Amino acid sequence: MNPLYLSSYTATSALGHGLAQTQDALKQSRSHLVPCAFDDVDLNTFIGKVKGVEEVSLPVHLSRFNCRNNQLAQLGLTQDGFEDAVRAAIARYGNQRVGVFLGTSTAGILQTELAYRRRDATSGALPPDFIYGTTHNTYSVADFTRSYFDLEGPAVVISSACSSSAKVFSTARRMLDAGLIDAAIVGGVDTLCLTTLYGFNSLQLISEQVCRPFDVNRNGISIGEAAAFALVERVPTDMNADAILLLGIGESSDAYHMSSPHPEGLGASMAMQFALDAAGLKPSDIDYINLHGTATQSNDAAEGKAVHQIFGSNTPCSSTKGATGHTLGAAGGLEAVISALALQNNFMPAGLNVNQLDPATPIQYLLKNQSAPVQYVLSNSFGFGGTNCSLIFGKVTKA
Amino acid sequence: MKLTTYIEGTSLIGPAFADWASAQPVLLGQQAYIASKTVLPAPAVLPPAERRRTGAIVKLSLAVGIAACEDAQQDPKTLPCVYTSSSGDGDNCHAICEALASSDRAISPTRFHNSVHNAAPGYWGIATGAMTNVSVLCAFDGSFGAGLLESLAQVVADQTAVLLIAADSPYPEPLQSARPLADALGIGLVFKPKRTANSRVQIDISLTHSPASHMANVALEHLRLHIPAARGLPLLQAIAQVQQSNATQSLVLDYLDNCQIAVTVTPCQGT
């Protein structure tokens, strides 16, 4: 495939605001998951909460978008000079030639959950200050971002559960290849809400401890929230030596079950192989794999089988969800940025919270940070409904 | 930038539209539009255990997807899918929000996995066995336009056939008052990168600032304005007209503020 150039990128999660805090937290190998004290949730679990979301004020003319998800979106957009990079791209290409393709699973549904507590006692109506379209609706975060930058080009939300913000790169690639745009804001934003906390609880998929990806006794996820963005463009002739490129994308569907992965990881291995094919790389070229690694029994077992089948047992890999929590629709974007950081810093982050690795999964799972040349990174994102997406990032110059 | 593809399959289910064959005379103005509630066919393609768990949006999405593939004489298993919906399963969303606002917040696992925006495409994969890529979209009232643009970008960029499924079903109260949708409506289209013997019409699209075309019929215009998927009705009308008259049609489809989609539909017969 034609590679994409990541001209700017940023991430905000429980690890911190922006790249420096994110990289620092990964280096310290410290989980940022805390006992759940979100709203009045009465579940015994850990969450990855972003500090300061509640204090974010949207511009007055965009107040109709006010909800936690768009507050986190704005917090994310204003880190690492990302907003300036977008405005420079708009100046370069025009406001009709910059697309907005963002992933989210629940958007601003928290706003509706809270509105249902304030229904009219007689009529049952939702309160008059509730605005559905610019908060609850799945599209709201892309609408907000498009409005924030006064854009007039294509925009859409990709919402395929936990693969959402990996798949946004695919939409951007096709729109660039088709000549509809010259740059795109891609990424994902998902925020804590009751639907996902109580929903994953109903499936018995949240852990009462910090999540432990690839531990033999792992027993579920810790839910997190994040905003991650990248500005992608066609590959220019001049780039910095440490520039990051997206080289391969692989997508597949399990066609198996709504909330369980294919037990042999069939869809997952297809996605990884397609990404390698698109990048023109061999499995042995990949230096590090950022796993989906949710810490559910079924995901890690299936993903481990799929990784082993393609890469064998020697490719270093880890899940960073033990540090960030599972940020659902933002996970693909967040882990794309973590992959870029791994490339830039020649640094592979350890998987946290492991007491005993699952002996049934013969992969090279990193229990300690590793510093070594990193040229190519593969990042996995898999979602409910059996949606799979693997991304391969690389550096322009040799590591 | 103009994108050119060929349509080989079309389907439509909606208020008074049982299928594409019976909808065409209505869209052509040869038969009167007689309003009635959308009838959702049972999803025979799903195993019984899964069938019981599916709501209106899944039934509608599977039905238009299967019908479009049949019309195109195409095995659904082989097609990448673009799925677009403004709001997913409204009944399910209401039930979850109601439970979460009550003293007992237990929600069922089925309710939760049906709450994802990609529930219908997930069932589509289970029903058809398609392990192909699926892109699951939402652009509020512009969801049909977003799906059309995504489909044609994929057909052109990757030189592949693509199935588009656009479907919407209404919320119950109290969300219906906050987001009023007239009824359920779904559209399926199969696009090919090259003209074949099965090509019905050629479709060219580009982005434009021009305002969206309206439906001349008041009742059909009401549907267009009050169901996001029905923003595709002017395209379906043009497909029917072009096949009947063998003359090119141009129109503008609703998409986003300051960004609409200019469409030209050209006959494929007899040339």
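**Burial, pairing and contact**

Biologist: Which residues point each way from strand 3 of chain B, and are they buried or exposed?

Modeller: In this predicted model, B:Val134, B:Val136 and B:Cys138 point one way from strand 3 of chain B, B:Ser135 and B:Leu137 point the other way, and all are buried. A residue needs 20 or more other C-beta atoms within 10 Å of its own to be called buried, so each of these residues meets that cut-off.

Biologist: Why is strand 3 of chain B called mostly covered?

Modeller: Five of its five residues are buried.

Biologist: What makes strand 2 and strand 3 of chain B a pair?

Modeller: Pairing takes at least two bridges. Strand 2 (residues 81–84) and strand 3 of chain B have four bridges, in the parallel sense, and therefore count as paired. B:Thr84 of chain B stands opposite B:Leu137 in strand 3.

Biologist: How many residues does each chain give to the contact?

Modeller: Chain A gives 54 residues and chain B gives 53. Among the elements on the chain A side are strand 6 (155–158) and helix 7 (164–177). The chain A side divides into 23 nonpolar, 21 polar and ten charged residues.

Biologist: Which residues touch the most other members of the largest nonpolar core?

Modeller: They are A:Ala184 and A:Val232, in a core of 236 residues. Helix 3 (residues 56–71) of chain B gives the most to this core, with ten residues.

Key:
Residues are numbered from 1 along each chain as its sequence is written. Chains are lettered from A and ligands numbered from 1 in the order in which they are written. This is a predicted model: local features need pLDDT of at least 70, side-chain atom pairs count only at pLDDT 80 or more; totals for chains, interfaces and linings use all residues. Two residues are in contact if their C-beta atoms, placed from the backbone, lie within 7 Å. Helices (H or I, at least four residues) and strands (E, at least two) are DSSP runs, numbered from the N terminus. Ala, Val, Leu, Ile, Met, Phe, Trp, Tyr, Cys and Pro count as nonpolar, Asp, Glu, Lys and Arg as charged, and the others, Gly among them, as polar. A nonpolar core is a set of buried Ala, Val, Leu, Ile, Met, Phe, Trp, Tyr and Cys residues joined through C-beta atoms within 7 Å. A residue is buried if 20 or more other C-beta atoms lie within 10 Å of its own, exposed if 12 or fewer, and partly exposed in between; C-beta atoms are placed from the backbone.
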